[in-house]
Amino acid sequence: MKSPIKVLLASAGALATVITFAGCSASPGAASNEKVSITVASLIPGSSKEAFAAFNARVKEFEKANPNITLKTEEYQWTGPTFSTQLAGGTLPDVFNVPFTDSKTLLQNGQLADITSEVKALPYASKFNKNVLSVAEDSSGKIYGLPYGPYAMGLSYNRAIFEKAGLDPNKPPTTWDEIRADAKIISEKVPGVAGYMQMTSKNTGGWELATTTYARGGRLETTDSSGKTTVKTDNPQTKAALQFLKDVRWTDNSAGSNFLLDWSGMNQAFGAGQVAMYPSGSDVLTSLVQTDNVSPKDYGLTTLPLTGTGAGVLSGGNVAAVSVKSTAAQKAAAVKWIDFYYIQQLVDKTQTVAAAKVLAASNQPVGVPTLPVFDQATYDQQQQWIKSEVNIPLSNVAPFTSKIFSSPIVPEPNKNTQELYGALDAVVQAVLTDKNADVDTLLKGVDSQIQALVDAGN
Amino acid sequence: MTTLERRTEGQLERRPDGQRRHRYSPVTWVRGGGLTNLVFLLPLLIVFGVFSWTPIVEAVVMSVQHTNLVTPATFVGVNNFVQVFKDPLFWTAVRNTGLFALLALIFGYPLPLILAVLMSEVRKAKGLFSALAYLPVVVPPVVAVLLWKFFYDASPTGVFNTVLHWVGIAPQPWIQNATSAMPSLVLEATWAAAGGTIIIYLAALTGVAPELYDAAEVDGSSIWQKIWHVTLPQLRGVLLVTLILQIIGTSQVFLEPFLFTNGGPANATVTILQLIYRYAFENSLGGNYGAATALSILLALFLAILSFVYFRITKSWSDN
Amino acid sequence: MTTGALTSELVADPGPERAAPPTATRQAKRGKSRSPEDSADRGIVSANDWRRPRIKWTWRVSHGILLVLLIIVGLGPLLWLAKSAITPTVDTLQNPMAIFPHGVDWSTLSNAWNKVGIGVQFMNTLWIAVGSWFLQLLVATTGGFALAILRPKYGKIINALVLSTLFVPAVVLLVPLYLTILHPPLINQSLINTYWAVWLPAGANAFNILLVTRFFNNLPREVFEAAKTDGAGPFRLFWSVVLPMSKPILGVISVFAIINAWKDYLWPFLVLRDPGVQPLSVRLPSLQQAIQLDVYLAALAISTLIPVVLFLIFQGMFLRSAGLGGAVKG
C-alpha cells in the first residue's frame, strides 16, 4: 500500500519551491466585471465571536481584492452522518470541505464540481504534483478539489491537570504503559477527571480506534495486488487497543463516567477540564480555542506511542471542494477563494503573514501544528515567516513537532470508511460500558458487515 | 345570485342529485356551484395531493426500487426488504423498540390512572393539580431531553446522582450503560407524556354517571369496590384507546434515542425509526432510500394491524 | 354544542399524533368543570364518605402527598433549569443542587440571546408557528366548508381519502416527503431551507379536517337558511356566517397548530439546515456541545419560558371558546 501522503512528502521539495515562486506572482486572475455571489463554508457552529471576526476579516480582504465577488458565509462542519442530507438537499455552500476518506467516492459519484479548468488557470497549476492532487482527481485527471490542512493524530493533554496531579507537563507519557499509569494518577489525584479517554460516537469511535490500531502496527483494511479489499478489524493490534481501553476503564477506573463522546463532545469535555488526555488531530487546538475556551498555555500535544512493526501515525486531511450546483462564474469565484483562503497562506510569504496577523489580532492561535503539506523545510520556512505572530507556547507542542517528521504517516482506511467507523463505534462503546463485552464476536460482526458493503461496491 | 341561492338551498336540503344530472354541461356545472366547490376544495386538494397522497404512494413504490437521486430508479423487487431483514441492526432495533414500548407501558400506563383517580377526588384547587401534572407536557420535547441528558450525568456530581447521594444510593451510570440506558430514556419519556394521559383519564372520570356510584352505595360498596366495579369498567374504553395510542406512539420513538445516546451505548438504544433515519440520511456517501422506505412500510403494516384492533375496540365500545 | 362535547368525542377518534387527544380532552375537562350543573360535585367518594374522619383524612393526606410529588416532579425540573440558567458553569458542574453558592450571573441570559443568537431562532420559531397555523386554518376551514356544507358529489371520496391518511404513520412519509421538498412539482426550486418546507406539509393535517367537518356538520341548518334568505352566496356564507360560528373549533386547531410547530423536531431538522432559518428545537441540540454550559442552560430556559406562558394563556382561551360554543348552541 503506497501512502499518498508519503509520496506527497517525498516529492514536495521541488514542488514547494516552484509554488513559492509561482505564488508570489499569483494575482486575482483575469477579472471579468460580472458580479457573482458565492456561499462559502465559514467556521464550525459555536465558534467564538473572535474567531468569526478573524474569518470575516479574511473575507473582507478577499472581496477587496476581487470587487466583483460577493461572499456569503455559512457555518459548516463536516460530519459523516449529516453530510449526505446536505448533499441530497442541495444545501451545501458553494465551497465546502470533505475529508480525504470520502472525496474520491464523492467525485466518482458526480457529487463534486469539476474545477479542472479553473484550477489550471491558477499560475502554479501546471506545477502541481499528480500525487498531491490524487485525493481530488478522477482516473482521467480531472480535478474536483484542492487538498489542504493535513493532520496527523497526536495525544492532546491538559498541562494544568498534569501539574495538579503532580506530573511534569514537560514530560508527557511516551509509552502506552506510561499513558495508563499517568491516567490512573490523574484520576486518583484530581477527582472527577478522566485521565485518558477516546471518542466513541458519530463515527469518531472507529476513527480513534483506527488511530490506536495503527500506532500498534495494525491495519483495519488491506488491499491485495488485485485490488481486492479485505476488512479485518478482528486483528491482534485492534484487540490490544481495545484491551488498553478496557484496562483504563475497568481495571484503573480512569476513563471518567461519560462514554458517549463525539468529536465536539470530547473537545468540550477537554475544555471543561473533565478529560486530561485524548487522541486528537494535531490541529485540534484551533477549535479548542475557537469553541471551548481552552487557553494555549494549558494545552500540550505529544505523539502517540508507536509500537510493533508497521506502526504508523494515522493521518487525514480535507479537500476543499465546490458544489456541483454552482454556475460557471461561481465556480471560478469559488476556486479563487480556495486559492486565497486555503492555499496561499501555505506557499506565499505575504499571504502567510497576512493570514497569521489577522488570526493573532483576534486572539486566535497561530502556530498550531499541522502536518506539512510539503516537506519539513517548507514547514520550517512557513513557521519562520509567521514566527513573530506565533501566540502559542511552541514548547507545549514540541513533544509532537520534534518527533512527527521522523514517524511513518499512514492514511485512513479508504473503503466504506465511515460505515466501518460507525460499526466500530458500537464496539468501543461496548468495551467502555460493558465489563464483559465479547470483543472477538463484536469485531467479527463488524468484519462481515463491512466486508459485505465493500464487496457490494457501495 | 339566485342560482347560487338555489344551489345552496339544494345542497343544504340534500336534494337527490338525479334531478340535475340530465342537464349537465360546463355552464350548468359552473352555475350549479361546481366551480365554487372546487375553489373551496383547492387548498385541501393541493396540500394533501402533493404532501400526503403522492408521498404515500411514492413510499410504496420506492420500497421496491433502488434510488440514489443521480441515476434513474430501478425496480429491485423485494431486495430492499431482504436487505433490511439481513441487517443485524434491524433485529436489534426491533428488540429495542419493543423494549421501549414495553417499559413505557410498565412505567407510564398504570401510574397516570392511579394519579387521575386520586386527583379526581380533589376538592380544592383541582386546577392546580392538573396544571402541575400537565406542565412537563408543555416543555418542548427537545428541551426536555436535553435537560434530562444533563440530569443523567453519570459522574458523582451529576444532578440525579447528587440526589441519590442524599439518600445514600451509589452513583448510577444512567444512559452510560447498555442495561440502564433504555429504562432511563423511558423514564424521561414517561415524565414528558404522563400529564397528557392523566388529563384524558380525568376527563373520562368526570364522564362516569354519578347514578352508578349512588347505586353502588345503595348496595353498600366501599370506595375500593366502587373503583373496581364502577370506575374501571366505565373507563374500559378509554383505557384501551390510550393503550393502543401509546403503543403506536412508542413504536415510532426517535427523539429520545437520537438526542440522548445516538443509539448507544453499543447499539443498546437504536430504534426502528432511528434505523430508518440512518438508512436515508446518515450515510455519508448518499442515502439508501429503498431500504429506508421498505422498513417504514414494514413498520406501517405493523401499526395498521394495531390500528385495526383499535378500531374494532372503539367500535364495540361506542356501540355499547 | 359545546367544545367539551365535541372534543370528548375526539378521544374516540384516531389521532396520528399522540399529543392531540390529551389536549383535546383537557379542554373537555375544563369546559365541564366550569359548568355547575355538571356532575363535578359527585365522584367516587360520596358526601357521606367525606363526613367520615378516617376516609376524609386518608384522602386529604394522600392529596397532600400527591401535591408535593407533583410539585417535585412537574415543577422541580423547571425550577432547577431556571436556577441553573443564571448560575455560573462551575457551580452547576460541581454542585448542581446547591442554590446560588457563588451568586447569580444574569449575563448568561443576554449572552444566550445576543452572542449565541438564540433570538434569531426564537423569531424563526414564531414564524414557523404562525405560518403553519395560518395554512392549517386555511386548508381546514375551506376544505371543511366544501365537504360539510357545500357537499359536492365527489366529496365522500375526498373525505375518505383524507381520513385514510390518519392510518398512515408519519414515518412512511419521511423519505418521500423529503424528496418532494427537494424537487417539488411544477416549481423548479428546492424548498429546503425555506419555511414552506414546514408550512405546507403541516397543512396536510387530516385530523384538522376531521374536526372541522364534524363541527360544521353539527352547525344548525336554520342559520344558513336565514343567511340565504338575506341573499348570502357561498363565499359570504363561509366568511360571515360559518367562520364566526366556528371560533371554538378554530381555537382548538390553532392551539394544536402552534403547539406542534413549537414541538416538532425531526422534520424541521431535516429540511431547515441553515441556522438562520432553524427553530429553537433544531438549534438547541447543535449548540449543546458548542457553547458554555451556563449559556446553554440559559438558552434552554428561554426556549421553555414561552410555551409555559402560552400554556397559561390557553386556559383563558378555553374558557372563552366554551362560552362561545354555548352561544352558538343557544
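How many helices and strands are there in chain C? I counted 17 helices and 0 strands in chain C. Helices (H or I, at least four residues) and strands (E, at least two) are DSSP runs, numbered from the N terminus.

**Ground rules**

I am working with a predicted model, where local features need pLDDT of at least 70 and side-chain atom pairs count only at pLDDT 80 or more, while totals for chains, interfaces and linings use all residues. Residues are numbered from 1 along each chain as its sequence is written, and chains are lettered from A and ligands numbered from 1 in the order in which they are written.

**Chain C by itself**

I looked up burial next. Of the 330 residues in chain C, 48% are buried. A residue is buried if 20 or more other C-beta atoms lie within 10 Å of its own, exposed if 12 or fewer, and partly exposed in between, with C-beta atoms placed from the backbone.

Then I turned to contacts, meaning two residues whose C-beta atoms, placed from the backbone, lie within 7 Å. Among the chain C contacts between residues at least 6 apart in sequence, 71% join residues at least 24 apart.

**Two helices in chain C**

I picked helix H8 (residues 155-164) and helix H11 (residues 206-217) of chain C; their axes come within 8 Å and cross at roughly 130 degrees. That angle makes H8(C) oblique to H11(C). Axes here are lines fitted to C-alpha atoms, for helices over the stretch in contact, and angles run from 0 to 180 degrees between N-to-C directions. Angles under 35 degrees count as roughly parallel, over 145 as roughly antiparallel, 65 to 115 as roughly perpendicular and the rest as oblique.

From H8(C), I found Asn159(C), Val162(C) and Leu163(C) in the contact, and from H11(C), Ala206(C), Ile209(C), Leu210(C) and Thr213(C). By class, these residues are 5 nonpolar, 2 polar and no charged. Ala, Val, Leu, Ile, Met, Phe, Trp, Tyr, Cys and Pro count as nonpolar, Asp, Glu, Lys and Arg as charged, and the others, Gly among them, as polar.

**Chain C and its partners**

What does chain B bring to chain C? I found 93 residues from chain B and 93 residues from chain C in the contact. H4(B) gives the most to chain B's side, with 18 residues. That side divides into 63 nonpolar, 22 polar and 8 charged residues.

I followed H4 (residues 34-62) of chain B to H9 (residues 170-182) of chain C, where the axes come within 8 Å and cross at roughly 110 degrees. This makes H4(B) roughly perpendicular to H9(C). Among the residues that meet are Val50(B), Phe51(B) and Met62(B) in H4(B) and Val172(C), Leu173(C) and Thr180(C) in H9(C).

**One residue in chain A**

Is Asn318(A) buried or exposed? I found 21 C-beta neighbours inside 10 Å, so Asn318(A) counts as buried. Asn318(A) lies in strand E10 (residues 313-322) of chain A. Not counting residues up to four places away in sequence, Asn318(A) touches Asn97(A), Val98(A), Pro99(A), Tyr148(A) and Gly149(A). I also checked Tyr151(A): 167 residues separate Asn318(A) from Tyr151(A) in sequence, and their C-alpha atoms are 9.1 Å apart in space.
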